[in-house]
Amino acid sequence: MGTMSEAYPHLIFDKFSTKLGERTVNILKHLFPVPKPDTKRILTFANQSDYISFRHHVYEKHGGPKSIELKEVGPRFELRLYQIKLGTMDQDEAQIEWVIKPYMNTSKKRTLLGD
């Protein structure tokens, strides 16, 4: 694997349809600077059953506008949201906006972040 591109990435968020999902998208998108229009780097955050899958891709255009090749270049991992605090990480007295609770896991069909 070569060197990692330092270009600011485009962000894709999939299946974050609830109010908590929209708040999560708002938090994640403010972690990254605004990309330039010609950036070929893409970060994908996809929600499935309240687990957020992270993927890192680079795309290349070969020929026409409909021939695009995606290459996965970076780490892939799963995230699980367990707490949202108002403020910064170093504040011990920050107000807790949302926290996962044990009774929330009892319903298998209930999803918190999206459909």
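Visitor: Which strands do the buried residues of H1 pack against?
Guide: The buried residues of H1 pack against strand E1 (10-14), strand E2 (41-48), strand E3 (51-61), strand E6 (83-85) and strand E7 (96-99). Helices (H or I, at least four residues) and strands (E, at least two) are DSSP runs, numbered from the N terminus. Contact means heavy atoms within 4.5 Å.

Visitor: Before we go on, what sort of model is this?
Guide: This is a predicted model, in which local features need pLDDT of at least 70, side-chain atom pairs count only at pLDDT 80 or more, and totals for chains, interfaces and linings use all residues. Residues are numbered from 1 along each chain as its sequence is written, and side-chain values use heavy atoms, with hydrogens and water left out.

Visitor: Back to H1, then. Which of its residues are buried?
Guide: Helix H1 covers residues 19-29, and Leu20, Gly21, Thr24, Val25 and Leu28 are buried there. Buried means under 20% relative accessible area, exposed over 50%, and partly exposed in between (1.4 Å probe, protein chains only).

Visitor: Why do they line one face of the helix?
Guide: Seen down the axis of H1, the buried residues fall within an arc of 140 degrees, so they line one face. The arc is that of the directions from the helix axis to the C-beta atoms.

Visitor: Take Thr24. What does it touch?
Guide: Thr24 lies in helix H1 and is buried, at a relative accessible area of 5%. Neighbours within four places in sequence aside, Thr24 is in contact with Phe16, Ile52, Leu81 and Leu113.

Visitor: And Ile84, buried or exposed?
Guide: Ile84, in strand E6, is buried, with a relative accessible area of 5%. Not counting residues up to four places away in sequence, Ile84 touches Leu20, Arg23, Ile27, Gln95, Ile96, Glu97 and Trp98.

Visitor: How far is Ile84 from Ala7?
Guide: Ile84 and Ala7 are 28 Å apart in space, C-alpha to C-alpha, and 77 residues apart in sequence.

Visitor: What about Leu11, over in E1?
Guide: Leu11 lies in strand E1 and is partly exposed, with a relative accessible area of 25%. Leu11 touches Lys29, Phe32, Leu43 and Phe45, leaving out residues up to four places away in sequence. Between the C-alpha atoms of Leu11 and His56 there are 9.7 Å, for residues 45 apart along the chain.

Visitor: Changing topic: what is the overall order of elements?
Guide: The chain has one helix and seven strands, and along the sequence they follow the pattern β-α-β-β-β-β-β-β.

Visitor: How does its radius of gyration compare with that of a compact globule?
Guide: The chain has 17 Å, whereas a compact globule of 115 residues would have a radius of gyration near 13 Å. The radius is taken over C-alpha atoms, and the globule rule is 2.2 Å times the number of residues to the power 0.38. Along the principal axes, the C-alpha atoms fill a box of roughly 50 × 35 × 25 Å.

Visitor: How many of the residues count as buried?
Guide: Of the 115 residues of the chain, 25% count as buried. Among contacts between residues at least 6 apart in sequence, 49% join residues at least 24 apart.

Visitor: Now the backbone. What is the phi of Lys15?
Guide: Phi of Lys15 is near 65 degrees, a positive value in a residue other than glycine. Most residues other than glycine have a negative phi. Lys15 sits in the loop between E1 and H1 and is partly exposed, with a relative accessible area of 44%.

Visitor: And Asp50, where is that?
Guide: Asp50 is in the loop between E2 and E3. Asp50 has a positive phi of about 65 degrees although it is not a glycine, and Asp50 is buried, with a relative accessible area of 8%.
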